[in-house]
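Please open the model in a viewer and keep the selection tool at hand.

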Amino acid sequence: MTNYQTRFGSLQDFDKGRVEIVDDDPKNYVFSNVFDVASSSAPYERVAVAKNFEYVIEAARAEGTSGWYAADHDEFVLCMDGEIEVHLVKLDKAAVEPGTQGATPLADMPQGRKMGRLVLRRGHMGLLPRGAAYRFHANQPGAMMIQTIEGLVTVQKWAEICQTAA
Amino acid sequence: MAMLESAGNASPSSENLARHTKVLPADNVNGYRSFEAGSFQFKRDEYFARITWPGGSHVIPVDYFLRALMRDIAWGFFYGTVNFDGVFGTTNHYGEVTMFAGLYNDAFRAAGRDFSERFPSDVLMPLFKTMIGDWTNEGYDPFAAPMETGGPWGRKHGANDEAVERARVTATRMVGLPGDTPVRTDANGFPVNRMFADVPQDAPVIEVEPGFENEVSAFNLFAYLSRSDVTWNPSVCSVVGDSLFCPTSEEFILPVDHGNDRCEWFVVLTDEIVWDVKDKASGKNRARVIMKAGDVSCMPADIRHTGYADKRAMLLVWENASSKIPEMIQKGEAPVVSVQF
């Protein structure tokens, strides 16, 4: 039986593709790479790599312990490299105004009841539930994507991360 | 991708809809039924699907035709246009659907030889489902990669209803949550695909305090995708409002040339997928997008694309199923490019 090798990416080893232009502007394809973005970002800087109206996919470098966040809607985190812990707390009272979009950074340790903890490795997806506060922790640098809505913590630097020349 | 039930319907705009459909008796030689939809007729023989319409005809190898028809059915006519090949296809108006020959082909258009008819979606879909059921032989699965299924060729022999009637997977919040779409396992009929035998099957650590079992949850998405039994058929695995993560496993060729009517995002999670991008209306080449693990790219709303994957790859298709988008498309207000910079 033939053995196949699945090619994953990582912060240490990724091979970025490209847009080969025939007759178009490469910027139309908003082409970037999650590992490339995470490699050059500050820990937990949540950089938009995809945007569709108000919705975004953020890429982030996981390293050390993040601040606390909360959102008025579900979010999801997908670990793309490394091992990332997610700590969840059920807030005693809402930390963000109803209808607020995207993640809101919390100034202090949230008051509430401990919900649990996730440990995500490559390919693992976790729920960041509405009404909870969460923070990330990674002993070693890792990379993750977050399915969310554009908000206060979303960083947009498209010209820096995307292919602009043919 | 593939959540059109919740995508909302634009107001039907056509008053002269074709409503005629007919299933004809089985052919005495090949054993296959023929079909009529409006002025279109469909026949199959041992190797080909043959389509005729007033003033024209077309032939498509039946494996190409069945793979494309299967996706058109599974995706509910999908977002925008499903080109079965350079001549024949369907365009979704969300509640109505146009079936066309040569509508997006420069030569047909220039010669005035293109032909199209618009149907209520709920009139055309049952005919398509009957067609795929009749034309799919025992042992052939149009969702499967070519090396993982039998051939579609020959005279009518049996059927494969189990394959062509698969229910599409649509998580309502996230795969693996109590009451939502279950994770895939050997026990529930999803063995690891031969090309993903090296994908770790480990589960995330989940420590839950009592009372939070419905909210503290995680699953191994890569293991889930390694066990997909279909190709080029996205399924919803997580939902944030109208934002749908629709991952899928891809091998060989996307069986349609998908003409976008809205921006569509791709994130390649493993391996490599190459996209040929052409102008939606003319079919002229615009770009090739070579995507490797971690690459993110947007398909503009005015293109058609098809994809190629040698080694089975994991692709995250990211869709916005907002009900406002079909109306924006009708008014020409939907953005062609998602991000300007």
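This is a predicted model: local features need pLDDT of at least 70, side-chain atom pairs count only at pLDDT 80 or more; totals for chains, interfaces and linings use all residues.

Residues are numbered from 1 along each chain as its sequence is written, chains are lettered from A and ligands numbered from 1 in the order in which they are written, and side-chain values use heavy atoms, with hydrogens and water left out.

**The nonpolar cores**

Select F42(B), F65(B) and W275(B), which touch the most other members of the largest nonpolar core, a set of 68 residues. Helix α1 of chain B (residues 62-74) gives this core its largest share, eight residues. A separate second core of 51 residues includes V37(A), A59(A), V199(B) and C298(B). A nonpolar core here is a set of buried Ala, Val, Leu, Ile, Met, Phe, Trp, Tyr and Cys residues joined through side-chain atoms within 4.5 Å. Helices (H or I, at least four residues) and strands (E, at least two) are DSSP runs, numbered from the N terminus.

Return to F42(B) and display its contacts (heavy atoms within 4.5 Å). Beyond its neighbours within four places in sequence, F42(B) is in contact with residues including F35(B), F65(B), F88(B), M131(B) and W135(B).

**The second largest pocket**

Next, select F84(B), D85(B), D257(B), K278(B) and T306(B), the closest to the centre of the second largest pocket among its 20 lining residues. The volume of this pocket is about 310 Å³. A pocket is an open set of points on a 1 Å grid over the protein atoms alone, with protein on both sides within 12 Å along at least five of seven lines; a cavity is a set of points where a 1.4 Å probe fits but cannot get out, and lining residues have an atom within 4 Å of a point. Grid points are joined across faces, edges and corners, and a volume is the space filled by probe spheres set on the points.

Strand β19(B) supplies the largest share of the lining, three residues. By class, the lining has nine nonpolar, six polar and five charged residues.

Centre the view on D257(B), in strand β14 (residues 257-259) of chain B. D257(B) counts as buried because its relative accessibility is 12%; buried means under 20% relative accessible area, exposed over 50%, and partly exposed in between (1.4 Å probe, protein chains only). Among the contacts of D257(B) are N83(B), K278(B) and T306(B).

Follow strand β19 (residues 303-320) of chain B to K311(B). Its relative accessibility of 8% is why K311(B) counts as buried. The contacts of K311(B) include Y4(A), R7(A), E250(B) and D271(B).

Now select D279(B), in strand β16 (residues 272-279) of chain B. At 21% relative accessibility, D279(B) counts as partly exposed.

Finally, select N52(A), F53(A), R262(B), C263(B), I325(B), A334(B) and P335(B), which line the second largest cavity. This cavity holds about 30 Å³ of space.

How values were computed
Ala, Val, Leu, Ile, Met, Phe, Trp, Tyr, Cys and Pro count as nonpolar, Asp, Glu, Lys and Arg as charged, and the others, Gly among them, as polar.
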